[in-house]
Amino acid sequence: MEGTPNTSEILRAIMEARVADIHVACPGRVVSYDRDKQVANVRPMVKRLVPTPGDVEDVPEELPEVPHVRVIWPRGGGYFCHLPLTEGDEGLLVFQTRDPSEWSRTGEVSEPADVRLHHVAHAVFLPGYARAATVLAGLPSDAAVVGKVGGLQAVFKDATLEVGGNTDAAALASLVDNRLASIRTAYNAHKHVETGATTNVSDTPLAALGSVASAKLKLGG
């Protein structure tokens, strides 16, 4: 019968339909973020193509919002990095090969509770994968930079740390403040003998001096 698909065409259609349900990775945009649980609701930003019978072009279909996606923050050796993820932030949705829920619960080598491969339910989110229009500009080639776009930034070089674009050396405020207070106390208490009378050095004592502490850089232990 004319128009009846042959075996090869049927197998190809089955394979294409199966592959269409396998997700690997795609850009995503944060809808909301739970800081306490480090999970986010993420909207996939690229549509999938759904195969259709015959020679009809595949139909683009928007993927639904993926809820409760574990956000991956760099961590190791007891150290970590966490950012205040907000609505609209972009990143990469990665759909794991197998369901990691049992491993996440026990921390042990585990069998997958869900046998689906590369399913949206097994997604994790890597913040930072962004559009070309939002590429970071003006970065140095010889330093690491941490900071806020358009705001305060720390530049780590081989032997220095520069904060906020100020190249002045930072003093230890507590030591400088204590030294200045000692100088003021000694000045105001100093007396000398003049024409047979003991008088203060100045009739106008030094007032308390303001702190030299930086509002942008703090050192602590």
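Predicted model: local features only at pLDDT ≥ 70, side-chain atom pairs only at ≥ 80, totals over all residues.
**Entry 1. Conventions**

I count two strands as paired if DSSP finds at least two bridges between them. Strands (E, at least two residues) and helices (H or I, at least four) are DSSP runs, which I number from the N terminus. Residues are numbered from 1 along each chain as its sequence is written, and side-chain values use heavy atoms, with hydrogens and water left out.

**Entry 2. The chain as a whole**

I looked up the secondary structure and found three helices and 14 strands. Of the 221 residues in the chain, 14% are buried; buried means under 20% relative accessible area, exposed over 50%, and partly exposed in between (1.4 Å probe, protein chains only). For the accessible surface I noted about 17000 Å², with 57% of this area belonging to carbon and sulfur atoms. Accessible areas come from the Shrake-Rupley method with a 1.4 Å probe, and for residues only the protein chains shown count as cover.

I then turned to contacts (heavy atoms within 4.5 Å). Among those with a separation of 6 or more, 54% join residues 24 or more positions apart.

I started from β1 (25-34) and β2 (39-44). These two strands run antiparallel and are joined by six bridges, with Y33 opposite A40 of β2. Strand β1 is also antiparallel to β8 (residues 90-95), through five bridges; here R29 has E90 as its bridge partner.

From β2 I moved on to β5 (66-71). Three bridges join β2 and β5 in antiparallel fashion, and A40 has V69 as its bridge partner in β5. A40 therefore needs two entries in my list of partners, if the bridge definition is applied to each strand pair in turn: Y33 stands opposite A40, and V69 is the partner of A40 in β5. Strands β5 and β9 run parallel, with two bridges between them, and R70 stands opposite V124 in β9.

**Entry 3. Positive phi values**

Most residues other than glycine have a negative phi. I therefore checked Q38, whose phi is near 55°, and which counts as partly exposed because its relative accessibility is 28%. Q38 sits in the hairpin of β1 and β2, where four residues lie between the strands.

I also checked H118, with a positive phi near 50°. H118 is in the loop between α2 (101-106) and β9 (123-127), and is buried because its relative accessible area is 18%.

**Entry 4. The nonpolar core and a surface patch**

In soluble globular proteins, nonpolar side chains tend to be buried together. I define a nonpolar core as a set of buried Ala, Val, Leu, Ile, Met, Phe, Trp, Tyr and Cys residues joined through side-chain atoms within 4.5 Å. The largest one has 14 residues, and those with the most contacts inside it are Y33, V69, V71, L85, L93 and F125. At least two residues of this core come from each of β1, β2, β5, β8 and β9.

I looked up the neighbours of V69. Leaving aside residues up to four places away in sequence, V69 touches Q38, V39, A40, V42, L93, A123, V124 and F125.

L139 belongs to the loop between β9 and β10 (144-147).

**Entry 5. Salt bridges**

I searched the whole structure and found eight salt bridges, each a side-chain nitrogen of Lys or Arg within 4 Å of a carboxyl oxygen of Asp or Glu.

R35 and D36 form one of these, at 4.0 Å from N to O, and both residues are exposed. In another, the closest N and O atoms of R131 and E90 are 2.6 Å apart. R131 lies in the loop between β9 and β10 and E90 in strand β8, so this pair ties together parts that are 41 residues apart in sequence. R131 is partly exposed at 47% relative accessible area, whereas E90 is buried at 16%. R29, E90 and R131 are linked in a network of salt bridges.

For D114 and R116 I noted a closest N and O separation of 2.5 Å. D114 is buried, with a relative accessible area of 18%; R116 is partly exposed, at 40%.
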